[in-house]
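This briefing describes one protein chain for a reader who is new to structural description. Please keep the sequence and the structure in view while reading.

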Amino acid sequence: MSLSQHGAPQPNDPDAVSASFEDLLALGAPADVTGWGFSWLGDRATEEHPPWGYVRRLSERLAGASSALDVQTGGGEVYCEALERGVTRPEVAVATEAWPPNVATATRLLHPRGVVVADPDEPPLPFADDAFDLVTSRRLAEHGAHAD
């Protein structure tokens, strides 16, 4: 197993699987996860995507919307990809995110595409009722949100 200067296993080291919990914490501590990027984990982490393709479905719905809000957008990568795939875009596009590193990342990515990024992403949101004809989020379930 190859070790860093701090004694932690290197990110793509196959022997890292047998490393101690403390070594794995040391490995992950300096990792940049802005935008929820976990590529530094290499093949040690997997994620299942639904067979119906979230980005494709979102892109289809965005094409038919005049105003859209993406709640808890993360770094904005998914929202951006869906907007880029679409033939048409909503006239008004807004995203919310609360984690400061992701607010900055989403702003850099989405502002050039005409999307406003707002940093409150917990209810109550600062928008009028019926302000958007499409509201999306792929993260709400992960955050334990519930409908009242």
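**Gln-72 and the overall layout**

Gln-72 is located in the loop that connects strand E1 to helix H3. The model discussed here is predicted. The protein chain contains four helices and four strands, and from the N terminus on its elements follow the order α-α-β-α-β-α-β-β. Of its 148 residues, 32% count as buried. Among contacts between residues at least 6 apart in sequence, 60% join residues at least 24 apart.

- Most residues other than glycine have a negative phi.
- In Gln-72, by contrast, phi has a positive value, near 60 degrees.
- Is Gln-72 buried or exposed? Gln-72 is buried, because its relative accessible area of 4% falls under the 20% limit.
- Asp-130 also has a positive phi, near 65 degrees, and is likewise a residue other than glycine.
- The loop between E3 and E4 holds Asp-130.
- Asp-130 is exposed, because its relative accessible area of 77% is over the 50% limit.

**The sheet**

- What is the order of the strands in the sheet? The sheet is open and has four strands, arranged E3-E2-E1-E4 with parallel pairing.
- Strand E3 (115-118) and strand E4 (134-136) form the edges; each has a single partner strand, so one side of each is left without a neighbour in the sheet.
- On average, neighbouring strands of this sheet are turned by 15 degrees against each other, direction ignored.
- In general, strands of a sheet pair through backbone hydrogen bonds.
- Strand E1 (residues 67-70) and E2 run parallel and are joined by four bridges.
- Within this pairing, Leu-69 has Val-94 in E2 as its bridge partner.
- Strand E2 (residues 92-96) and E3 also run parallel, and four bridges connect them.
- Opposite Thr-96 stands Ala-118 in E3.
- The residues of E1 point in two directions: Ser-67 and Leu-69 one way, Ala-68 and Asp-70 the other way. All of these residues are buried.

- Helix H2 (54-63) and helix H3 (77-85) pack at an angle of about 55 degrees, and their axes are 8 Å apart.
- H2 is therefore oblique to H3.
- H2 passes H3 in a right-handed crossing.
- On the H2 side, the residues that meet H3 are Tyr-54, Val-55, Arg-56, Leu-58, Ser-59 and Leu-62. Their counterparts in H3 are Val-78, Tyr-79, Glu-81, Ala-82, Leu-83 and Arg-85.
- H3 and H4 pack at an angle of about 15 degrees, with 10 Å between their axes.
- H3 is therefore roughly parallel to H4.
- The contact between these two helices involves Glu-77, Tyr-79 and Cys-80 of H3 together with Thr-105, Leu-109 and Leu-110 of H4.
- The crossing of H3 and H4 is right-handed.
- Helix H4 (residues 100-110) also lies across E2 and E3, and runs at about 170 degrees to E3.

**The largest nonpolar core**

- Which residues of the largest nonpolar core touch the most other members? Of its 18 residues, these are Leu-62, Tyr-79, Leu-110 and Val-115.
- At least two residues of this core come from each of H2, H3, E2, H4 and E3.
- The largest share, five residues, is supplied by H3.

- Ala-31 belongs to the loop between helix H1 (21-28) and H2.
- Ala-31 is partly exposed, because its relative accessible area of 22% lies between the limits of 20% and 50%.
- Ala-31 and Leu-41 are ten residues apart along the chain, and their C-alpha atoms are separated by 9.3 Å.

Note on methods
Residues are numbered from 1 along each chain as its sequence is written. This is a predicted model: local features need pLDDT of at least 70, side-chain atom pairs count only at pLDDT 80 or more; totals for chains, interfaces and linings use all residues. Side-chain values use heavy atoms; hydrogens and water are left out. Two strands pair if DSSP finds at least two bridges between them. Axes are lines fitted to C-alpha atoms, for helices over the stretch in contact, and angles run from 0 to 180 degrees between N-to-C directions. Contact means heavy atoms within 4.5 Å. A nonpolar core is a set of buried Ala, Val, Leu, Ile, Met, Phe, Trp, Tyr and Cys residues joined through side-chain atoms within 4.5 Å. Buried means under 20% relative accessible area, exposed over 50%, partly exposed in between (1.4 Å probe, protein chains only). Angles under 35 degrees count as roughly parallel, over 145 as roughly antiparallel, 65 to 115 as roughly perpendicular and the rest as oblique. A crossing is left-handed if the near helix is turned anticlockwise from the far one by less than a right angle, and right-handed if clockwise.
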